[in-house]
Amino acid sequence: MKPPSNLDIADALDQIADLLSAQDGDAFRVRAYRAAADTARHSTRPLAQLEAEGGSAALLELPAIGKSIAALVSELIEPFLNTVIMTVADLSVMECEVMV
């Protein structure tokens, strides 16, 4: 499993903005999700890498990314990170079994 790309994250944020807009949601929130999508789309570093290195705090340093959206982006990335952690743990167990 590979991490979501910045474009995948941007698309997800745009979809949330579309849903909020269709439900006559708060215009500020709609603009916030669209601005965050633009940030994700134009970021020179993969957001998944930023999140892996510094958690959602690293995402907060990006323009237009607030606490709620940083937490959401972390949730989008988390399944990939969990898979990587489980794979590393499985490999460690296998190495220990081979050594014994």
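Start your tour at Asp24, which sits in the loop between α1 and α2; helices here are DSSP runs of H or I with at least four residues, strands are runs of E with at least two, and both are numbered from the N terminus. This is a predicted model, in which local features need pLDDT of at least 70 and side-chain atom pairs count only at pLDDT 80 or more, while totals for chains, interfaces and linings use all residues. Residues are numbered from 1 along each chain as its sequence is written, and side-chain values use heavy atoms, with hydrogens and water left out.

With Asp24 still selected, check its backbone: phi is near 55°, a positive value in a residue other than glycine. Asp24 counts as exposed because its relative accessibility is 71%; the cut-offs are under 20% for buried, over 50% for exposed and in between for partly exposed, using a 1.4 Å probe and protein chains only.

Next, go to Ala64, in the loop between α3 and α4. Here too phi is positive in a residue other than glycine, near 70°. At 43% relative accessibility, Ala64 is partly exposed.

Now zoom out and colour by secondary structure. Of the 100 residues, 29% are buried.

Now select α3 (47–60). This helix has 14 residues, yet its end C-alpha atoms are only 11 Å apart, short of the 20 Å that a straight helix would reach at 1.5 Å a residue; the expected span is 1.5 Å times one less than the number of residues. Where is the kink in α3 centred? Click on Gly54: the kink there is about 125°, the bend being the angle between axes fitted to the seven residues ending at a residue and the seven starting there. The buried residues of α3 are Leu47, Ala48, Leu50, Glu51, Ala58 and Leu59.

Leaving aside neighbours within four places in sequence, Leu59 is in contact (heavy atoms within 4.5 Å) with Leu47, Leu50, Glu51, Ile65, Ala70, Val73 and Ser74.

Finish in the largest nonpolar core, which has 21 residues; such a core is a set of buried Ala, Val, Leu, Ile, Met, Phe, Trp, Tyr and Cys residues joined through side-chain atoms within 4.5 Å. Select Ile9, Leu13, Leu47, Leu59, Ile65, Ile69 and Val73, the members that touch the most others. Each of α1, α2, α3 and α4 supplies at least two residues of this core.
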